[in-house]
Amino acid sequence: MQQALLFDDLVARPEPLREKKDVQYLPLVAKTILNSCNTCRMPNAVTLNPYRGCEFGCAYCYARYTHEFMELPWEHFERRIFIKNTAPEILLRTLDVKKLRGKHVAIGSATDPYQPAEARFLVTRRLLEIFAQVRGLTITVTTKSALVKRDIDLFRRVAEQNDFRINISLISLNTQLLRALEPKSSTPEARLLALKSLTEAGVRAGILLMPIIPGLTDSDRTLESVVRAAAAHGAGYVHGRVLFLRDSAKKSFYEFLKRSAPDLYARYSRIYGRRAYTCDEYQREILSKVKKLKDKYNLNNGDAEVEPYEMVDQTGNLFENRCDAIEL
Ligand code: SF4
């Protein structure tokens, strides 16, 4: 009840722009649209999120904290989707291309820019229309949605004068598992076909094998099946990373484990405990497997290898991240 009151105060009871079963689309007047980010996960990045919340509702989604900022319960992350309808005007007004050169503009770091809302509200498309008019930027779009195919012509225009790529996020080919883990995302087949359409149209695209989930998607067979499928559908690259779980994501992910994989639940509490990451040894082992698979399928394109999460903090200091309980 307290949370509902705080929410009402904060956004002054906005009228939904649209409603459907279990989901409300609400307006959000953003003050800024480009956010600087310099974590070890995304060094030197500027993030841009056309929506707040994400209807795909992945159990492991780290971005659930964005709803907690609004005093909303984590369950509302996939049910109350905030639409930044004025984002294109703000971008047009504030875009400083010179300042952005040398940085990485990441579209969709805390929401999926091609989630169902995009089919109606077109915020992502309108933002990309602006990027099609500038040059010299490094821009990525990350998505789990086959809707991304809609904008292939626009991507080609953006890519004419910018270093542009589409990351398709895919962690397994097991449709049943993905339905439970990522309830409303596109099927693995649809994502792979989108990848194929993109690359055949000359748009640089690859697979983000993230997050690799201990005990669920980290088997040699699963990893190889995804990398093999990526290669077969024209991926230019594959990047893998192990699951990290900040507090807001732990709540939903542990609910998922209790429901769908109760035998893993106790082990996860041991592995992650109060930390957000698994130990370095486990991460190194998994990343080394991914690297070997990339070699095998000719997907090593010279991009920097991904380090385990907590190797260095922003000041360059090493974290201690010992391996003490990884038995899955
Ligand atoms: S698609 Fe991405 S932003 Fe959306 S719920 Fe899943 S992990 Fe979160």
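Two residues are in contact if their C-beta atoms, placed from the backbone, lie within 7 Å. Helices (H or I, at least four residues) and strands (E, at least two) are DSSP runs, numbered from the N terminus. The model is predicted: local features need pLDDT of at least 70 and side-chain atom pairs count only at pLDDT 80 or more, while totals for chains, interfaces and linings use all residues. Residue numbers start from 1 along each chain as its sequence is written.

**View 1. Helices α11 and α12 pack against each other.** Helix α11 covers residues 247–260 and helix α12 covers residues 262–272. Two packed helices are described by the angle between their axes and the distance between the axes. Here the angle is about 140° and the axes are 6 Å apart; axes are lines fitted to C-alpha atoms, for helices over the stretch in contact, and angles run from 0 to 180 degrees between N-to-C directions. From α11, the residues that meet the partner helix are Tyr254, Leu257 and Lys258. On the α12 side they are Pro262, Leu264, Tyr265 and Tyr268. By class, this contact has six nonpolar, no polar and one charged residues. Ala, Val, Leu, Ile, Met, Phe, Trp, Tyr, Cys and Pro count as nonpolar, Asp, Glu, Lys and Arg as charged, and the others, Gly among them, as polar.

**View 2. Seven strands form an open sheet with mixed pairing.** The strand order is β3-β4-β7-β8-β9-β10-β11, where two strands pair if DSSP finds at least two bridges between them. The edge strands, each pairing on one side only, are β3 (35–37) and β11 (238–242). From one strand to the next the twist averages 25°. Helix α10 (residues 220–232) packs on this sheet and touches β10 (205–212) and β11, with its direction at about 170° to that of β10. Helix α13 (residues 280–296) also lies across β10 and β11, and runs at about 165° to β11.

**View 3. Strands β8 and β9 run parallel.** Six bridges join β8 (residues 138–143) to β9 (residues 163–169). Thr140 stands opposite Arg165 in β9, and Thr142 has Asn167 as its bridge partner there. Strand β9 is largely enclosed by the rest of the structure, because five of its seven residues are buried. A residue is buried if 20 or more other C-beta atoms lie within 10 Å of its own, exposed if 12 or fewer, and partly exposed in between.

View 4. Strands β1 (residues 18–20) and β2 (residues 23–27) run antiparallel and are joined by three bridges. Lys20 stands opposite Val23 in β2. These two strands form a hairpin with two residues between them, and Asp22 in the turn has a positive phi of about 70°. Strand β2 pairs with β6 (residues 80–83) in the parallel sense over four bridges, whereas β5 and β6 pair in the antiparallel sense over two. Phe82 in β6 is the bridge partner of Leu26 and also of Arg52.

**View 5. The largest nonpolar core has 78 residues.** A nonpolar core is a set of buried Ala, Val, Leu, Ile, Met, Phe, Trp, Tyr and Cys residues joined through C-beta atoms within 7 Å. The residues with the most contacts inside this core are Tyr60, Ile207, Leu209 and Val226. Strand β10 gives the largest share, six residues. Leaving aside neighbours within four places in sequence, Val226 is in contact with Leu170, Ile171, Ser172, Leu173, Ile207 and Leu209.

**View 6. Tyr60 lies in the loop between β5 and α2 (65–68).** Tyr60 counts as buried because it has 20 C-beta neighbours inside 10 Å. Not counting residues up to four places away in sequence, Tyr60 touches Pro211, Ile213, Leu243, Leu245, Ala249 and Phe253. Tyr60 and Ser252 are 192 residues apart in sequence but 6.8 Å apart in space, C-alpha to C-alpha.

**View 7. Residues from several parts of the chain surround the ligand.** They are Cys54, Phe56, Gly57, Cys58, Cys61, Ala63, Thr111, Asp112, Lys144, Glu182 and Ser185, each with its C-beta atom, placed from the backbone, within 6 Å of the ligand. By class, the shell has five nonpolar, three polar and three charged residues.
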